Amino acid sequence: MTPLLEAESLGRTFGARRAVDELTFSLDPGECLALFGPNGAGKTTALRLLAGLIKPTTGTARIGATRLPDLAARSRVGLISHRSLLYDALTARENVHFSARLHGLTDATAATTRALEALRVGDRADVPVRALSRGLQQRVAIARAIVHQPDVILADEPYTGLDESGSAALTGLLQERRAAGAALIVVTHHLQEGLALATHAAILRSGRFARYERAAGLDLLRYAAEYRELVA
Amino acid sequence: MTHPGLIAASWLIARKDLAIEFRTRSAFLSALILSLLAIVIFYFAWDPTAIGAADLAPGVLWVTFTFSGLLAMHRSFGVERQDGAIEALLTAPIPREAIFLGKAFANLLFVLGVQAIALPAVAIFYNLPVGHALAPLAVVMVLAAIGLVSVGTLLGGLTANTRLGELLLPVLALPFFVPVVMPAAQVTAHLLAGRPIAEAFAWIRILLAFDLVFVYLCTLVFPLTLDD
Amino acid sequence: MTSAPAAPPVRRPDWLLLAAFAVVAAAYVRAIWFTPPDLLQGYAQKILYVHAPSAWVAFLAFGLTAAAGAFWLFLKDPRLDRFAESSAEVGVVFNTAVLVSGPLWGKPIWGAWWVWDARLTLTLFLWFLFLGYLVLRGAIADRDARARYAAVLGLLGAALIPFIHLSVYLFNTQHPLPVVANTQGIQMPPVMAKTFFFAFFAFTFLYVALVRSRYALATERDALDDSANGDD
């Protein structure tokens, strides 16, 4: 069975700088990779490669059998970036609805409502995004990213700015998507948060995996100590 | 679930841009006010005994359209940069060209909107009858607007990511506008003088050729301006 | 990558450039002392030995800049972009020479500092294109983005030139220039023609030498940037 998400010697150079260097890994449906690493390790670049935003300079990335950044592969990805990717003059509903239409959803309106309610932001849906607090904007940003029920969710520090209610909503959403067979990659600086959801854990350093293993059975404190040593 | 094709995606993006502009209205109003002010200022710089209104008007109209159009085109990509929204467009399953075509179409409506108000303004302020030439004038204005908007939107995309974007756009765009504005102004002068449009076909041909070449070229070249 | 800067290389004189200057000087010696002055225009006509070859070089330079950019888009070889940059900088200098020498000739001959004849106007627009190209390059820090945007602008500029020519030509047929500004066909006796060709050759030689020198500078600058930024 082909994995849902597959990277083979995936690499990306910017001028002389190797941001991502020969990454090889794969995720089956229902698996979640927690990606840790210091600033500048290449985590964001890796996500951008897997979202089809940029082309690799070496290697390939695939969703199912389709190569990224082809259109068919892009359609199955949902990217939660650390910028909101929203139009602040439009309402939350309009932003999410636009994303739904771009993905070709026939029931765009219903999907929009579902996504907004899942992130518990339904009651502020018709407010322009610029009038929402940072935490609520983050919720709308997440709703926008998942409205089309993507098979692959790439989340770059998704918990940033979320309060308890928002965090709970996000965790619930990610767990539900995982159960439905999606593959997730969550980039975070919070080891505990990341490991809570993850089936796999990896530490990225200078564009390469310094560690990659199954998350089950990892002791949090030991992992944290080893992580600190690795990135020191 | 089928992905939107080129036309459908372009239309979605155009509608989105128009919705944003309609919500804030600031760029359109600024462009309008700029046009009206220019029309007024040119009036005061004008010696009506030396130059007839029909001779002054084409220059005023086309200079005005050009500069207010530049306002639109600069904003076009600015709205995507603000919170990185362009990344959402780039990860969506739509052809990249749709981003260009959608924005260009929204800018076209913007420029046509300014034209629709500036032309009557000139007719009123300069006491210049334009009714006799309204239909051919409209044709010229649309053709020229298409030319301005195709190059302007593309260059707007280029300059949105640079320092001095606002200054840089006119510097880059104006040479490209000359083969549009020159024919447009010449035909406008021609029409306002009461001559039939058939005599100005050579100019119309240049406009048409420019539109065909540059709409195609800019659409083709647009994906290259994205960070890939 | 070494961390200590290497000793500065001994600067060898640029023989090609010196040779080019020598050839240009020779062309002018010939033009001024060994070529008879024009019957009608007198000594002012000798400006043409600067004006016309400069125009040829300016157009050549732009064409090569646009072509190099186009090839860069396919091949992504940084040398192509450095060449495009060098050709543009050299080209704008020659273009400026055209625009300065034109009025210097025009005033005594036509009685006007400037005429909007098709060729001179086209050269004026070429100048604007060069300037826009160089300003755009100056406004972008990232090397890859700069090469890409410059290549796109070069392509568009090349497509624009025939349209400028067409529209100015049509404009001039509808609004004919005063008779005194007739710049059509200059009949030339063989001795002047030879000087002309010599001047064209000399200027082209100078173009090649200047571009080569400028290109070397660009290569050094890029290498310097790489060693400053590339350390891991």
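Biologist: How many cavities of 30 Å³ or more does the count come to?
Modeller: The model is predicted, so local features need pLDDT of at least 70 and side-chain atom pairs pLDDT 80 or more, whereas totals for chains, interfaces and linings use all residues. Residues are numbered from 1 along each chain as written, chains are lettered from A and ligands numbered from 1 in the order written, and side-chain values use heavy atoms, without hydrogens or water. On a 1 Å grid over the protein atoms alone, a cavity is a set of points where a 1.4 Å probe fits but cannot get out, while a pocket is an open set with protein on both sides within 12 Å along at least five of seven lines. By this rule, the number of cavities of 30 Å³ or more is four.

Biologist: Which element gives the most to the lining of the largest cavity?
Modeller: This cavity holds about 80 Å³ of space, where a volume is the space filled by probe spheres set on grid points joined across faces, edges and corners. Its lining (residues with an atom within 4 Å of a point) includes Tyr87(A), Phe98(A), His103(A) and Arg144(A), along with Ala88(B) and Leu89(B), and by class it has eight nonpolar, three polar and one charged residues. At least two residues each come from α3 (92-102) of chain A and α4 (85-91) of chain B, helices being DSSP runs of H or I with at least four residues and strands runs of E with at least two, numbered from the N terminus. With four residues, the element that gives the most is α3(A).

Biologist: Which element supplies the largest share of the lining of the largest pocket?
Modeller: About 1300 Å³ of space lies in this pocket, and among its 44 lining residues Arg12(A), Gly15(A), Asp142(C), Asp144(C) and Ala145(C) lie nearest the centre. Two or more lining residues come from β1 (5-14) of chain A and from each of α2 (48-75), α3 (78-110), α5 (143-174) and α6 (190-229) of chain C. The largest share, seven residues, comes from α5(C).

Biologist: How many charged residues does the lining of the second largest pocket have?
Modeller: This pocket contains about 530 Å³ of space, and of its 21 lining residues Val63(B), Val178(B), Val181(B), Met182(B) and Ala185(B) lie nearest the centre. Its largest share, eight residues, is supplied by α7(B). Counting Ala, Val, Leu, Ile, Met, Phe, Trp, Tyr, Cys and Pro as nonpolar, Asp, Glu, Lys and Arg as charged, and the others, Gly among them, as polar, the lining has 15 nonpolar and five polar residues, and the number of charged residues is one.

Biologist: Which residue in β9(A) is the bridge partner of Ala34(A)?
Modeller: Ala34(A) belongs to a covered strand, for Cys32(A), Ala34(A) and Phe36(A) on one side of β3(A) and Leu33(A) and Leu35(A) on the other are all buried. Four bridges join β3(A) in parallel to β8 (residues 183-187) of chain A, where Ala34(A) stands opposite Val186(A). Four bridges also join β3(A) in parallel to β9 (residues 200-205) of chain A, and in β9(A) the partner of Ala34(A) is Ala201(A).

Biologist: Which residue in the turn between β9(A) and β10(A) has a positive phi?
Modeller: The two strands pair in the antiparallel sense over six bridges, and Leu204(A) stands opposite Phe209(A). They form a hairpin with two residues between them, and the turn residue with a positive phi, of about 50°, is Ser206(A).

Methods:
Buried < 20%, exposed > 50% of the residue type's maximum accessible area, 1.4 Å probe, protein only. Pairing = 2+ DSSP bridges.
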